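Welcome! Please take a look at the sequence and the 3D structure, and then read on for a short briefing.

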Amino acid sequence: DSKLFQASHAGAIELKNRVVMAPLTRNRARAEDDAPTELQAEYYGQRAGAGLIITEASQISPQGKGYAWTPGIYSTSQVDGWKKVTSAVHAKGGKIVLQLWHVGRISHPVLQPDGVDPVAPSAIAAQSKTFDGEQFVDTPTPRALEVSEIPGIVEDYRKAAANALDAGFDGVEVHAANGYLIDQFLRDGSNKREDAYGGSVENRSRFLKEVMDAVVSVWGGARVGIRLSPFSNANDIADSDPQQTFSHVIRLLNEYDLAYLHLVEGQTGGPRDIPEGGDLAALYGLFNGVRMGNNGYERASAIDAIESGRLDLVAFGRPFISNPDLVDRLRADAPLNQLDPETLYGGNEKGYIDYPSLDEATIAAE
Ligand SMILES: C=C(C(=O)O)c1ccccc1
């Protein structure tokens, strides 16, 4: 058996193998209250063969919502929904952490409470779109946050982290990637503030530090992971020197003794190329804990990444959508179900909980 299938850990979280289900937005939360239901419990329960499941991004507050039908982690009904999910995964011997999300400027007034403008570090629109439940709409120019509003958002992260603890998760992942709020603060393309939260890399990392202080105060570092996408331009995010910015960020993160560092390697869900001056290995090398890599991994490249020591854990996104039993298939080097691109986002159980596992598929083929 390859080391990919051997037991491991992410901080205090014991894992039965080194295969991680990456966070995947599927836009299927219950419409009236953005809460997970039995449908999500079935979906995640089917995928409990993963060493670790990271849930889809879940907004920490109504202000943190940026797409139709994504789940929240700020209300009682949402926590009750997530309890169904964690129970289903634990019943199958799985481990699961929740990804804490605030979209910042990647939203639209129709998705915001009272139709207000989305917020961000600076009033700079992303050249991006979001889905409002009917159609794709351009993300508008956001309102720049007042310094006085920042403690309230940090408190929303703390409360959301506490809600995830109540819901029975094994930990949480802070979503600091893909051009959402934390990433908007980190990168100088989106953060033009002239106060303590902007300018130097220390100042641009201040919001992240305050969020980590809050989340770690609830969970302890050993059950908190973080996702970064140093070289991605998802949602029109950009930085003039990502290697310097993220080297500073990773050194800052070392003080928390986190469960893991999760890096998107290259463009999110796209090419794995690293831009001139970028050095992924150097970034992983700065981190003092477990290293998790994602983006386009397959069986051979995942085995190589683990056995070469370059990574400790490998996260798979799209393969887990169409293969609930991905770990069994990778171990057996069995064929994988193809993904149906039409049912990735939105909809119901079709393309969500109806992908067959190996034994079902074999029986069906007989
Ligand atoms: C949370 C997302 C991310 O991190 O990119 C996301 C959101 C909408 C569609 C796909 C992915």
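Here is a friendly tour, going from the whole chain to one residue.

This is a predicted model, in which local features need pLDDT of at least 70, side-chain atom pairs count only at pLDDT 80 or more, and totals for chains, interfaces and linings use all residues. Residues are numbered from 1 along each chain as its sequence is written, and side-chain values use heavy atoms, leaving out hydrogens and water.

**Overall build**
- The protein chain has twelve helices and 14 strands (DSSP runs: H or I of at least four residues for helices, E of at least two for strands, numbered from the N terminus).
- Its C-alpha atoms fill a box of roughly 65 × 45 × 35 Å along the principal axes.
- Among contacts (heavy atoms within 4.5 Å) with a separation of 6 or more, 71% join residues 24 or more positions apart.

**Inside and charge**
- Of the 366 residues, 57% count as buried (under 20% relative accessible area, with a 1.4 Å probe and protein chains only).
- The mean positions of the 34 positive and 51 negative charges lie 3 Å apart; Lys and Arg count as positive, Asp and Glu as negative, while His and the chain ends are not counted, and each charge is placed at NZ of Lys, CZ of Arg, CG of Asp or CD of Glu.

**A closer look at Pro23**
- Pro23 sits in the loop between β3 (19-21) and α1 (38-46).
- Pro23 counts as buried because its relative accessibility is 13%.
- Leaving aside residues up to four places away in sequence, Pro23 touches Ile54, Thr55, Glu56, Gln99, Glu173, Arg227 and His262.
- From Pro23 to Gly51 there are 28 residues in sequence and 14 Å in space, C-alpha to C-alpha.

How values were computed:
Buried < 20%, exposed > 50% of the residue type's maximum accessible area, 1.4 Å probe, protein only.
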